[in-house]
Amino acid sequence: MVKLISWNIARRAKAWRCLPDSGCDIALLQEATAPPADIMDRVECGPSHWNTAGAGTNRAWRSAIVRLSDRVRVEWLDPKSIEDAMPGELAVSRPGTLDAAIVTPESGDPLTVISLYGAWEIPHTGLKSSWIYADA
């Protein structure tokens, strides 16, 4: 059995400090900034950059899959932008919004896990608009 948590940590460093002692094997995080220095040796993260692509914005966070225990082995998939992905690679429309990995428990079959975050967008219109939508 794999214990996991899915959590939009909303760029809060304090949330990272709860994860190592949660009893979970895997964390599926959204709006995650890079782990604080004092947590780095207690968690293992995938290879993606700690930002979400977006025109004219500084989104210094991303979706992330984090290994929290030695009870699982994790093979991170490396999402690539659609224009950079080769056949057979994981292509995403907006890097940073999706992270994926194959998780193999000590006993049992591997499973694919995905952490996804739909970034909020403002529609392009000729009129002023106050509504937003999720890029999903």
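**Close-up views of a predicted model**

**View 1. Ala100 stands opposite Ile114 in strand S9.** Strands pair if DSSP finds at least two bridges between them, and strands (E, at least two residues) and helices (H or I, at least four) are DSSP runs numbered from the N terminus. Five residues lie between the strands of this hairpin, where Gly108 takes a positive phi near 125 degrees.

A word on the model: it is predicted, so local features need pLDDT of at least 70 and side-chain atom pairs count only at pLDDT 80 or more, while totals for chains, interfaces and linings use all residues. Residues are numbered from 1 along each chain as its sequence is written, and side-chain values use heavy atoms, leaving out hydrogens and water.

**View 2. Strand S4 has both faces covered.** Arg62, Ala64 and Val66 are buried on one side, with Ser63, Ile65 and Arg67 buried on the other; buried means under 20% relative accessible area, exposed over 50%, and partly exposed in between (1.4 Å probe, protein chains only). S4 pairs with strand S2 (residues 26-32) in the antiparallel sense over five bridges, and here Leu28 has Ile65 as its bridge partner. S3 and S4 also pair in the antiparallel sense, over two bridges, and Glu44 stands opposite Arg67.

**View 3. Trp16 and Trp50 form the one aromatic pair of the structure.** Their ring centres are 6.1 Å apart and their planes at 75 degrees, so the pair is edge-to-face. Rings of Phe, Tyr and Trp (its six-membered ring) pair if their centres lie within 6.5 Å; planes under 30 degrees apart count as stacked, over 60 as edge-to-face and the rest as tilted. Trp16 in helix H1 (residues 13-18) and Trp50 in the loop between S3 (44-45) and S4 (62-67) are 34 residues apart. Trp16 is buried, at 0% relative accessible area, whereas Trp50 is partly exposed, at 22%.

**View 4. The charged end of Arg62 sits over the ring of Trp50.** The distance to the ring centre is 3.8 Å. A charge sits over a ring if NZ of Lys or CZ of Arg is within 6 Å of the ring centre and within 35 degrees of the ring normal. Arg11 has its charged end over the ring of Trp61, 4.2 Å from the centre.
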